[in-house]
Amino acid sequence: MSGLFGVVSKNNCISSLYYGTDYHTHLGTEYGGIAFIGKHGMPVKKIHDIKNSQFKSKFYEGSDKIKSHMGIGVISDKDPQPLTFESKFGAFAICCAGLVANKGALTHELIQKGVSFSEIDHGEINTTELVAHLINQGKGITYGIDHMFDKIIGSISLLLLTKKGIYCARDRHGVTPLVIGEKDTEIAVASETCAFPNLGFSVKKYLTPGEIVRISKKGMEQRRKGLQNSKICAFLWVYTGFPASSYEGVNVEKVREGCGRFLAKRDTVQADLVSGVPDSGVAHAIGYAMESKIPYRRVLFKYTPGYGRSYTPLSQELRDRIALMKLIANEAIASGNRIVLCEDSIVRGTQLKNYTIEKLRVAGAKEVHVRPACPPLLFPCIYNLSTRSTQELVARRAIKALEGRDVDDISAYLDPTSEKYKAMVDWIAKDIGATSLQYQVVDDMVKAIGLPKERLCLYCWVGKGVQKNLLSYEERCSEILVQH
Ligand code: SF4
């Protein structure tokens, strides 16, 4: 997913915009961008490629010369954004987070109506541009956003900047969060609440699914009521979110500790120490250690937070290089010990196998018992880019190996009490080189989050989403625009 931040102020707010956007760096690795209202009342945008450098370094130079009382920013996991438009509603800038699964069909429909697209990269339309054109079909901005929600399959949350204020809209299913914060002279909107404390903001309101508000110097004004039946992404707490953030008022770090506690409650393994794979595995391990009374010690260190997430970059080569370089095993702690190793999740299994467990073995670990904080990932995400095709998921590779072919009905592998589930877990344990492997169960993960099960998106694990007609990753690839 991408991270969004926006701010309006009675004074110059570029510093808040700059740091507030930067506090979303953990949510994207491709582009960082800001747009602000310039001298002539028109939006001005600046976008930088942040694949090999940080948002901070790219935007630091010259930021003190910019003055504005209103702006939006984004750390983008795929497309360059924000984008600016002149339209029947006047000039605006827009950035968004989420995914449009029926992008090809919607693009084709708009082109038939005479709409032109300019932001094409590798044959694919920029999602933010498509969203903007859909909004332009409405009779007003709020109507337009609502129209866009009607048309898309998937989830889009967005910020839209005009000279009158910032429209903040949370996707209709509530998959991606947006929260409003305030302080004396400023109102902000963010994907993550971790952007608020150091900038002096306190949480005013979590937007509800489909809700649209406009923030301006006059305050916050609701433009469209939200819905109550959210399906917020459970993976935010397990892996994606920053530990100091809260979604729907539920703190990420506390949920991770809870996940670790639930893992320990079901475990009987004998071990000398508990450790976590940095960064997100650490809090899961702390929770496990608190519950099991086995000491928490650090056997793995991340050399620098400057390395991106190992599975977010789109090229396998870059993922492998990052995975190899970023973690260092500490032989002084690992050697001779039986280790419980907590990890947020296992996607492909390659990082755990080649760059984590192998490193601990070389460092002298006697046993490595892997405990992922969420159940086996069996279905690729349909709302974000975070996981890839079905074939890449290690649990699916296990099923294929056990069945000798691809199978459509995998329901037996979803039941943690079934023989098939056990065989799948044993296959994965052997594949990654773990002494033992025990996954979290869905209900324990839900209990650790603390929200009602029906308010969470659990599609990655159970294969049931909020929309029945979403496209698979493979189908999404075939939606790439063919240019004529
Ligand atoms: S499919 Fe998984 S990663 Fe995607 S929104 Fe749902 S829970 Fe989150």
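Reader: Let's begin with Asn 229. Where is Asn 229 found?

Author: Asn 229 sits in the loop between β15 and β16 (232-233). Helices (H or I, at least four residues) and strands (E, at least two) are DSSP runs, numbered from the N terminus. Keep in mind that this is a predicted model: local features need pLDDT of at least 70, side-chain atom pairs count only at pLDDT 80 or more, and totals for chains, interfaces and linings use all residues. Residues are numbered from 1 along each chain as its sequence is written, and side-chain values use heavy atoms, with hydrogens and water left out.

Reader: Okay. Is Asn 229 buried or exposed?

Author: Asn 229 counts as exposed, because its relative accessibility is 54%. Buried means under 20% relative accessible area, exposed over 50%, and partly exposed in between (1.4 Å probe, protein chains only).

Reader: And what does Asn 229 touch?

Author: His 173 and Pro 209, leaving aside residues up to four places away in sequence. Contact here means heavy atoms within 4.5 Å.

Reader: How far is Asn 229 from Val 407?

Author: They are 33 Å apart in space, C-alpha to C-alpha, and 178 residues apart in sequence.

Reader: What about Ser 246, buried or exposed?

Author: Ser 246 counts as buried, because its relative accessibility is 15%. The residue belongs to strand β17 (residues 246-247). Not counting residues up to four places away in sequence, Ser 246 touches Thr 193, Tyr 206 and Asn 251.

Reader: Switching topic: where is Phe 55 found?

Author: In helix α2 (residues 55-60). Phe 55 is buried, with a relative accessible area of 1%. Its contacts, not counting residues up to four places away in sequence, include Tyr 18, Asp 22, Ile 34 and Ile 75.

Reader: Now the inside. How many residues does the largest nonpolar core have?

Author: The largest nonpolar core has 72 residues. Such a core is a set of buried Ala, Val, Leu, Ile, Met, Phe, Trp, Tyr and Cys residues joined through side-chain atoms within 4.5 Å. Trp 237, Val 370, Met 424, Ile 428 and Trp 461 have the most contacts inside this core.

Reader: Which helix gives that core its largest share?

Author: Helix α13 (residues 419-432), with six residues. There is another core apart from this one, with 27 residues, among them Leu 83, Leu 134, Ile 145 and Met 148.

Reader: And which residues of helix α5 are buried?

Author: In α5 (residues 141-151), the buried ones are Ile 141, Thr 142, Gly 144, Ile 145, Asp 146, Met 148 and Phe 149. They pack against α4 (127-136), β9 (154-162), β10 (165-169), β14 (212-216) and β15 (219-224).

Reader: Zooming out, how many helices and strands does the chain have?

Author: The chain has 16 helices and 25 strands. Its radius of gyration is 23 Å, close to the 23 Å that the globule rule gives for 484 residues, so the chain is as compact as a globular protein of that length. That radius is taken over C-alpha atoms, and the rule is 2.2 Å times the number of residues to the power 0.38.

Reader: What does the C-alpha trace span?

Author: About 65 × 45 × 40 Å along the principal axes of the chain.

Reader: Last one: how much of the chain counts as buried?

Author: Of the 484 residues, 59% count as buried.
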